[in-house]
Each structure stands twice: as structure tokens, then as C-alpha cells.
Amino acid sequence: MSNSEWNDAEANLLPEKVKELESKKEIPKDTKRTRIVVVGLGMVGISFIEKLMKYDVKRREYDIVVIGEEAHLAYNRVGLTSFFQHRQVENLYLNPKEWYSSMPEGSLNCHLNTLVTEINTSDKTVRTSAGDTVPYDILVLATGSDAVLPRHTPGHDAKGVFVYRTIDDLQKLIEFSSTKKGTTGAVVGGGLLGLEAAKAMMDLEEFGKFKLIERNRWVLSRQLDADAGGMVVEQVRALGLDVLLSKRVGRIRTDAENNVTGVRFEDGEEMECSCICFAIGIKARDELARKAGIKCADRGGGIVINADLSTSNPDIYAIGECASWENQTYGLIAPGVEMADVLAFNLTQAKAHSPRKFKRPDLSTKLKLLGVEVASFGDFFADRDGPKELPAKRHGGKKEGAIETKDRVKNLTEGPPPPPVKALTYKDPFTQVYKKYLFTMDGKYLLGGMMIGDTKDYVKLVPMVKNQKPIEVPPSEFIVGANKGGEDDGDDLADDTQICSCHNVLKGDVTRAVKDGTCKSIGDVKSCTKAGTGCGGCMPLVTTIFNKTMASMGQEVKNHLCPHFEYSRADLFNIIYVKKLQSFPEIMKECGKDPSSVGCEPCKPTIGSILASLFNKHIIDDPDRRGLQETNDKFLANIQRNGTFSVVPRVSGGEITPDKLIIIGTVAKKYNLYTKITGGQRIDMFGAKKEDLINIWTELIDGGMESGHAYAKSLRTVKSCVGTTWCRFGIGDSVGMAVRLEERYKSIRSPHKIKGGVSGCVRECAEAQNKDFGLIATEKGFNVFVGGNGGAKPRHSELLAKDVPPDDVIPILDRYLSFYIRTADKLQRTARWIENLPGGIKYLREVILEDKLGICGDLEKQMEDLVGTFFCEWTEVIKNPEKRALFAQFANTKDAVETVEAIHERGQTRPTYWAKESAHNDFRGTKWSALAWQPLAKTADFADSATGSSQAIKRGDTQLAIFKVKGAFYATQQMCPHKRAFVLSDGLIGDDVASGKTWVSCPMHKRNYELAGAHAGRCGNDDAVNIATFPAEARDDGLVYVKLPPVDELDAVLGTSKWVVRARETEDPYAQLDKKLARLQLKGRKGVQASHLPNGKGERAAANAILAGGERAAAGMDW
């Protein structure tokens, strides 16, 4: 096993990290530091130092002094066998000498070949064999253990008796063996260490014969059962090792000069040998602690520790083989490393996270002994000794296997029942493969197992046992494998599955259109089938079906952004990034098919998003940039179905003060806004008129709030549970982490919206595993999940990184989000993005965690630069008179017009439901009696923009939309007939130079209406609707003229009052349900606004009293 497998991977990179931080002057110089003295520089001691240095490198809260008894730096004791081959101690070093000297100045001091002889707990000092006194603030004992030598056995002190523990032991054995060529060497002990020692003795190539003496009936009896152990015996015997089973050494025979000559066993048999190496166990080195009065275990030895690794003395901790936890010491390295990690974490990270506790360690092992692959994992003797612990059934049931009271009497009379475990066993004597997996009685949980010969599944099975999650396949598949059918290629949807609910498009409609040659691009699919031309939510699924159908036909799938660009979004991002293109005209000239084009509704928002992701300039401070934005971004608010907007202040992590609640409530009452708590834990206020947005946001921002970016393809929220802030079950400060993450990533634009979540424990109240990124607190930090989402095609997130310390969460998420922003397709959520990455989550881990592409530094810098440009978009609008002027319903009047009738429901006002039918009138074919030029707007109100500009105009009772595109003016009705929404002036303008078409795309459901030409007014993607268009031109008097019919005639066709959506036109979907519920007369129900108290004021009266200052008599509210 390589030394690197025992290192902390990130600690290996500490020298480079320190150098980088020092170059940036990011390592604190004048912090008050605590001195930690570590006694012992073994594998556990260095593990603690590595982890503490890793956690502390940016903090510099600690200085470490380590005192090692051996003359060597920390080395790989598990790999001692390899020393016989290379004989170079340095090859075993866990870290090179340079690693120690590369740490920040004063942070790590090493003393080698020095024995600590005394601990003075009152003075907080230790004394060394050199006579030095070393003070400490915190003392960590990592003194390890000694190999057991049976001193009760006659001859134990003979020449030729060795133990197998240290470099010094090996060097003595090497020196001695060279004088005993051709004789017999013996090892006593058939455990892990014994087989290692036997391998080492064979590698010496000095002895002629090799014996292994084991007192049990098979080797590795602590890890394997009789069948598995017997198979190992067969294999090692075939390698030339003579294994003697059920043998106990009675005495060691010696000659007159006290040289080993052989062994006499307790059964009277004898065996000749010249060398004996004992590998029969270890004894904790606790003598230093005992001498200092620190509590040690009477039976078995070891320094008694608590779950936080503390001893009976304050500020003294013990870790590794010298520590006794719950009356048990551990000879394996893994529990010691876990202790080191817990202690290092608690000393550095527990300020922002609940302290970790050392729990029952995982004793799973996977080794290659004498060439034989051996592994045991989990509760591998559960069938013999009974399970140590069984998973609890869901829904609060008792643990499986728990003994009911009535069964206890039966146990007394008939004996205990067999363990509630079922074993699945596979044994192949021909290939020497053995597997035994232990399951709960119902086969739902894997408890543990063992493997010989074929151990490749070890890495998959260990986490399954640790996580105690129900398995989703039959147990037999763990050995015989799954019965795999065809590869999952998306064909699980039947052809009659509806994939676009807006236009009732079936999967078969798309596949047939592709297969018959009608559709050769996504654009063709949208035109032919109308799929994706409504809300657009089905486009990821439509794209997947199109791509797979094309691939099945052997056709090339082009991932072009739109007809204007022969590049994917990722390609375009990289071009803009490398060439530093910062405007739409520059991008169209450099990358577009036609430099003069105004783009279209797919490419313009994508380019707007890319520019914001790279340079983060205000999206509406330039006419070209504003013309790229969808209506939501154009007005920094989500447009609603009645043409009003929603207002969503940021509530980071869902944490909000009572003062801000008062401000929000006051604003909502003042402007009659409908309020609702969102799924992302913030307050949404609906029904804000465009012309009121400035005043609403002025009051909110004056009260300390800022934009929540609910309108943007950007970070929405980072949802949290209360975690350790309040919850008795919390183990991590989920609120604190969520607030920090949301504050960091707020406002950054991305290919699609991003949602986050942080849960304070595995109860997962924040639903972090269905977010684009989610954190779940563990004892060691946070598990980081990515690529989850709800929506039309929900997806559970996948684990990106496990047990990440709080300090390391930000760099990982910086890389992940930057990589997503760089490489995702347009409107592609992280879920689909990860699915489409080559290698999926595995590839993402390689890029983000292992820096496979060598870009992690660049990704972090890109995010650091981006978050450093933050500003509140609404604040900038409020401060700028030119931007404020953009927020008006009409350009030519201050009149305000309602277009959807309001209804009152549950104490609030909302727009009535959509009308059942669209307006199917032939507006474009209307025959007007006469047309005359009318001045309607100022030319100065229209920006001379490469992306086009527009304004809404009111004439009489009619609303019109006027557009300026490439210097020409166009006029249409303002109402989109599809849902009778008066919004066309807010839509994106597009063109197709080849066909000469120019159109506006309705912001509601993307109906595209042509603005000019023979087909002006026609809807390109819905034949059922069309609009009226009118000639328009600018004149020298500075006005825009539109050729219109008389006012009364125009109002009779297009008047707002005629097309207002009224409540009588719609159906209440809950009318029948409400009648049914009313008949039930459910107990205890009250009106939504009423009080349960007999004389209670109720919602409205109580609120009015507070607002009037009378909640606590004339003095007002008693705060």
C-alpha cells in the first residue's frame, strides 16, 4: 500500500497552498496563537498534525510542537514489509522532509529521537529525556503501542527472538537473518500483523523454510470465518509458507549461548527454527499518562478518553492506539485517523459547527496479504455474534430484531433465537474466491461481510453499510450481478406521453416529425409541433427526445444556439470570455451569421446572461443590454398573468427580523399586494403595477432590504432549517452557512436559475437533496450534493464531496458553479447538465475535486472576481432618473389601466383565472373605414439600439405597442390574443435576415407575431391567433406617427374594456369541492381572518389597531 493512501490528500498540497497564500499575503501574522504539544510522531500523530494544519492554515490560531521518540520522521508502519525490498527509510516517509519546513513560519516544530519522560499537569509542561521543559496550552498524546512479547514464555529473551513493530525492529531482523542463511524462520501469530511479518521474512530471502504458527483453527480469525480463513491458509501454503494451526508455543528452545534452536508446543510436539518473530498483538503505551495521574483503563490498558477525545485532565487529549474508548483500544490505523480528524475538526471548526464526537469506528479492512486479496467490512461477524446494531425501520417502527417482552420468557426456556441475520455466501474453490454478505431478515439492509480473492466491490459496499439505507435491488445481485436489459436511453416514455402541456404535444409527435424528415433542428421541432413555444418548461425534455431520435437515425445533432449563431452556448461563452466582447453588436459581428441581425428570443437572453456572468454590469443601464433581457429582467420583476409584477426582497437563508416583516407588511398593505411565503423561504408580493415598482422598492430598500433576483436566471435562494441555531437535533449551523452562501452568490447570472439548501442534520428539513447545490451537516462538516431539481422532470441530487469542513465549502462551490456557468447549454438546469457531462458526476468530481483539467484555480478566481462586483440592481435604478423613467405603463400618459378583473379571496386580492378561450378574432384582417396619421410618441423615447426598443401607447381605450428596429418603426395592438394579455411592447424582438421576417415574441407564452411584410400580424407558431398592425414612421418634428382608424372604430375592435378578462368568463375549479367540504361541517374550522377567541378582534381589526397606534392603548405598541 502506498504511503499516499494514508496521507490527508489536501495536506499533501499544503506546501503549494502555503506558498500561494503567502504570495497573496493571506496568512495572518499577528494572531494570538495557542500552543499544541503532540507527543508521538507516528501515523496517528502526523495525521492529526496534517489535519490541524489544513484547517488552520488560513486562521493561524495554533503553533504545533511535536516530539517523536524515534529518529525518523513519520513513516508508513502499515507498509513496513516493503522496507525489506528497498531498505530506504525515506521511502516510507508519509511526508518528505521538505513538507515540514514548508509550513508557515513558527507553525510546526519537530523534535526527533526524543522521549517525553514526564507530564506536569499543574504547570502544563512536559519534560524530555534531553532535560528540556516544553510548555503547552493543549497536550495531545499519540504515544501508540508496543508489540506484545510473551515474557511468561521460557526463552522469550533468547537471541533470535524479535517483534515486528518499528524500523528498528526490522533492521535488527535483517542483520540477524544474514547470519542464518538456509535455516528455518518462524512467525508466531496468524493475524494481520502475523501474515505481514511472514511476508517480510520471506522477502529477506535468507531463510530456507518459513513457518507460521497460529493458535486458532484458521488465520485472520478476527476478520474471517472458518471457510474464508481456511481458503487463505490454502493460498499462503501454496506460496511456500508452512502454516501450523491450533498450536501454542510452550517454550523456546535455546543452546548454551542462548541462541534460538526451536520451539516446543504445549501439546508436546517440537519444531526446529533459528529465528522467531512474535506478532501476537499490541499493548497501549499509557505509562506516561499513568505516571501523571491521568485516568487509564485497568483492563487492557489505554488512556481513557471521552467522545471528544479528552482525558480526565483538562486540555489533554489522547488519540490512536494509546487511547481507550469504551474500554477498548484499536490496533488498526483507521480508528486512529478518525480520532485525529475529530480532534483537529473540533479545535478549528466547532465555532461554526457543532463539535464532533468519536463513535463506534468502522473496522472494515482491505489488504493484500502474501498476494491474497482479503477484505472484511461492516458487522462481518453478525451471523456468529449477533448484530451490534440494526437499522431502525422507517415511520418510527422498532428496530428490526428487537426482542419483545413476551419473547424474553421463551428465550429463558428454549434458548435465544438465532441472530436476525441472513447470510448470502459464494464459494469458488477453483478460482479461490469467497464472498459472504450479511443482510437483515427482510433483505433490505446490508450489515457486513467478507471477501477473499475478489474484493473489487469493497469500495461500494462499505458506504452502503455505513449509511444504513435500504438497498434497492435483490441481495442476489450483489454476487451474481444485475439482469441488465437494454441501456436506459430515454425510451421509458411511451409515444402517447404528453411532453408539452401548453400545446398538448405528445412524444410521438416529435419523434415522427424527426423521423419523416420534417424536422432537422430544434427550431424546426418548435415550428412544426409547437412544443416549447409556450412556457418553455418542456424544452430540456424536447431537446433530449430530438437528440436521441436523431442519433438513432445516424444523423448529426447540432447544438447551435439559434439560427443566428452556429455555436453552442458553451462555445459562445468561451469566445466572449477569451475575446472580452462586451456588447451585443461586437458579439454579433464576431460570432453571428449576420452582423446586422437583431437576434431572436433564444439567443438574446442567453447573450445577456453570458455578459452578466462575465462582467456583471447593470442589465438595463445600456439600451443594447436592456434589449437582450426578457421582460422579467427588463423590469427587474416577474411579470404575472394580469401584466402586473411580483416583488421579492432577498431573505438570505430564510432568516428575517421582525422589523423587516413590519416593513414588508406595511408596503404590502399600502400598495394592496397579495402576499405569499415562497418555497424558498421568502415573502413574495404580487400585483405590483409597473408604475408603482419604483416607489415600492424605494420603501423596501430604505428599510434595509435589497433585490431578491427572483426575476433572474441566477441564484434564487439558499433554503435552510434552523440547525444548531435552535434545533435540538441539529449538528451543523445550517442557517449560518445558508446565509453566507446566499450572500456570496446572490445576483450571479447563470444558464438557468440556481437554488440551494442547507440542512443541519440528516433529517433534511431544508430538502437540500433536490437543489442545484445542497449541503447536509455531518459530524465532520457537510456533505455537498449537486444537480438536483424539482420541476417537470425532478431529479435527486448526487453526492459531490463528503464531510467537507465548513472552511472548504466555498472553494468547492465556487468551482462547481463557475464550471456550470462556463459549460452548460442555454436554459439547462444543473441536473440535465451533469447528466450530459461525459462521465456524469464522476467526471465532475475529477474536475472539481481532483483538478483533472488544471482549471480549478481559474474557476475560483472567476467566481471571486464575479462576486466582487455585486450591487443591488434596484438600488441603482432608484438612484438613476433615466432608469426610473423606464417604469411606466404608457409612454404618452400617466393613466393606469386594469386588464384583468380582480377578485377577493381569503382576505386578499388576486386576478381572476385565465379566460377559457383565446381571442380568435381576425385582427390582422380587420377592414378599417379609413386610416390617418396620428402623432403618438416622442422619437426620443425610443433608443437607437442594436437589439431594438419599444413603448406602450394609450389612445382612447386602446393600447398599442410601437417598436423601433434598425431605425424603422412598427406598430401593433398591445394585446396578445392567446391569453388576452396586454404585454406585447415588453416582448423580445427577433429577425431572420434570410427571409426578411421581423417579429415580436410575447413575453407570456412566446407567441411570435410578424411586424412587417405581407404576413404582418401573423403568428408564426400558433395559427389560431393573429394581431392587427399599423404603419408607423418618425418625422422631423421629433414625433412618431402611426396610421390609425378613428378612435371609436379602433376602440370597438381593440378597446381594453372589451377585452378585460372578467370573473364571469372563468370557472372556479374548486366550486364543487367547496360544496362538498361545506357539507362535512368539519370541527373547529373558522374563517381565515377570524379569531378562535370568543371576543377576538380577528386579523383585520387587530392589524388596524396596531397601525393606528392603539394596540396597547393610546401609547401605541408596547415593544
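This is a predicted model: local features need pLDDT of at least 70, side-chain atom pairs count only at pLDDT 80 or more; totals for chains, interfaces and linings use all residues.
Local features are described where pLDDT is at least 70 and side-chain atom pairs only at pLDDT 80 or more, whereas totals for chains, interfaces and linings use all residues. Residues are numbered from 1 along each chain as its sequence is written, and side-chain values use heavy atoms, with hydrogens and water left out.

**View 1. Helix 15 and helix 17 cross at roughly 40°.**
The axes of helix 15 (residues 507-515) and helix 17 (residues 539-552) come within 10 Å; helices (H or I, at least four residues) and strands (E, at least two) are DSSP runs numbered from the N terminus, and axes are lines fitted to C-alpha atoms, for helices over the stretch in contact, with angles running from 0 to 180 degrees between N-to-C directions. Helix 15 and helix 17 are therefore oblique to each other, given that angles under 35 degrees count as roughly parallel, over 145 as roughly antiparallel, 65 to 115 as roughly perpendicular and the rest as oblique. On the helix 15 side, K507, V510, T511, V514 and K515 meet I545, F546, T549 and M550 of helix 17, where contact means heavy atoms within 4.5 Å. These contact residues comprise five nonpolar, two polar and two charged (Ala, Val, Leu, Ile, Met, Phe, Trp, Tyr, Cys and Pro count as nonpolar, Asp, Glu, Lys and Arg as charged, and the others, Gly among them, as polar).

**View 2. Helix 18 and helix 26 cross at roughly 105°.**
The axes of helix 18 (residues 569-579) and helix 26 come within 7 Å, and the two helices are therefore roughly perpendicular to each other. R569, A570, F573 and Y577 of helix 18 make the contact with I821, R822 and T823 of helix 26. Four of the residues in this contact are nonpolar, one is polar and two are charged.

**View 3. Helix 25 (residues 734-745) is mostly covered.**
Nine of the 12 residues of helix 25 are buried, that is, under 20% relative accessible area, with exposed meaning over 50% and partly exposed in between (1.4 Å probe, protein chains only). The buried residues of helix 25, including M737, L741 and Y745, pack against several elements, among them strand 32 (715-720), strand 33 (754-759) and helix 29 (856-867). After helix 25 comes S747, whose phi is positive, near 85°.

**View 4. Q235 lies in helix 8 (residues 226-238).**
Q235 counts as buried because its relative accessibility is 17%. Leaving aside neighbours within four places in sequence, Q235 is in contact with V372, Q432 and I452.

Notes: The expected span of a helix is 1.5 Å times one less than its number of residues.
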